[in-house]
Amino acid sequence: MSSVEYIQYHGILLPPLAHSMESLEYAEKFSVEDSDVFAVTYPKSGTIWMQEILPLVLNGGDLTPIHTVPNWDRVPWLEEKRLALVVDKLESPRGLVTHFPYHLMPPSFHSSKAKAIYVMRDPKDIVVSSYHFHKMAEFLESPGTFDEFIEKFIKGKVLFGKWTDHVKSWRGADLGDRIMYITYEEMVQDLPAAIRRISDFVGRNLSEEAIQKIAEHCSFRTMKNNNMSNFSLVPKKYMNSDTSPFLRKGVAGDWKNHFSPEQLARFTSAISKDLEGESFSLPWSL
Ligand code: A3P
């Protein structure tokens, strides 16, 4: 097992490569604008997918940014080091992305009118995606066996903490019409419909032609071939796509190829117990 020193931040673990105490301090003091739109996700829920869709919706379908700017600078992470370097280049309305739970959002987010799009994914598929990601991401701890990784995930000993805590924090966020909830599965099932919902939410009245064009450019296949979106610009010593590509399968339900019946029962019972008494229901059966 490789030994990687993660950053401990308010009880959650963050990888050191992209984060630092300075970047976290910068995030705390970050000045959110009313027109900002945040894509919010627990890792492996479809973050880079929303990073692809959001700027295209905000700019009315102009493909220039997705062909010229890597995703991490196009829609930068609130908590990562790159934000301070690119913030002045971002065009308004700005698209930003974060893995933070709700309570770690900066004060200026709460006092602003900025919007958030919370992307949720079936946690069984998150575990699978994250397991393969930990194998290829050399800057992360190796995941151990799939069974060991399931245990870590259940206990929240993974990046950004427990999935259930993340979901609870954002489902409980008192943001009224400033927040929209969408699932990865909904996006897989009907991407143009998902883009239509997103464009309505951010107040862009996109033509059907623009929606179809965005959907085509945000398809799994197109993103997999876009060097600005597929992480091929990251040196292999950090992300080794020969082990597993970042854009790996892009489907809903790959967990069926990984979980044994016993693992499924254990996982389901732990997640259900964590969510007992919550007023929201999950869009998938566990
Ligand atoms: P898989 O590993 O299951 O393939 P994140 O960006 O939050 O890290 O999530 C990564 C997951 O989103 C990966 O899942 C990746 O393949 C998937 N993904 C990214 N872009 C996608 C797209 N256009 N269509 C479907 N899935 C996509």
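This is a predicted model: local features need pLDDT of at least 70, side-chain atom pairs count only at pLDDT 80 or more; totals for chains, interfaces and linings use all residues.
Student: How far is an oxygen atom of the ligand from an N or O atom in the side chain of T47?
Tutor: A polar contact is a pair of N or O atoms within 3.5 Å. The distance from its side-chain N or O atom to the ligand oxygen is 2.4 Å.

Student: How far is a polar side-chain atom of Y184 from a nitrogen atom of the ligand?
Tutor: The side chain of W49 has an N or O atom 3.1 Å from a ligand nitrogen. For the polar side-chain atom of Y184, the distance to a ligand nitrogen is 2.7 Å.

Student: What percentage of the area that the ligand exposes when taken alone does the protein bury?
Tutor: Taken alone, the ligand exposes 570 Å². The share of this area that the protein buries is 97%.

Student: What is the volume of the largest pocket?
Tutor: The ligand takes up the space of this pocket. The pocket is found on the protein atoms alone. Its volume is about 1,000 Å³.

Student: Which element gives the most to the lining of the largest pocket?
Tutor: The lining has 48 residues, and I48, W77, F133, F231 and F246 are the closest to the pocket centre. At least two lining residues come from each of α2, α7 (123-136), α10 (184-189) and α13. The element that gives the most, with five residues, is α7.

Student: How many nonpolar residues does the lining of the largest pocket have?
Tutor: In this lining, nine residues are polar and eight are charged. The number of nonpolar residues is 31.

Student: From which element does the largest share of the lining of the second largest pocket come?
Tutor: The second largest pocket has a volume of about 450 Å³. Its lining has 19 residues, with P65, R74, K89, L90 and E91 nearest the centre. At least two lining residues come from each of α2, α3 (64-68) and α4 (71-74). The largest share is three residues, and it comes from α3.

Terms used. Residues are numbered from 1 along each chain as its sequence is written. Side-chain values use heavy atoms; hydrogens and water are left out. A polar contact is a pair of N or O atoms within 3.5 Å; within protein, one must be able to donate a hydrogen and the other to accept it, and residues adjacent in sequence count only if both atoms are side-chain atoms. Accessible areas come from the Shrake-Rupley method with a 1.4 Å probe; for residues, only the protein chains shown count as cover. On a 1 Å grid over the protein atoms alone, a cavity is a set of points where a 1.4 Å probe fits but cannot get out, and a pocket is an open set with protein on both sides within 12 Å along at least five of seven lines; lining residues have an atom within 4 Å of a point. A molecule sits in a cavity or pocket if more than half of its atoms lie within 2 Å of its grid points. Grid points are joined across faces, edges and corners, and a volume is the space filled by probe spheres set on the points. Helices (H or I, at least four residues) and strands (E, at least two) are DSSP runs, numbered from the N terminus. Ala, Val, Leu, Ile, Met, Phe, Trp, Tyr, Cys and Pro count as nonpolar, Asp, Glu, Lys and Arg as charged, and the others, Gly among them, as polar.
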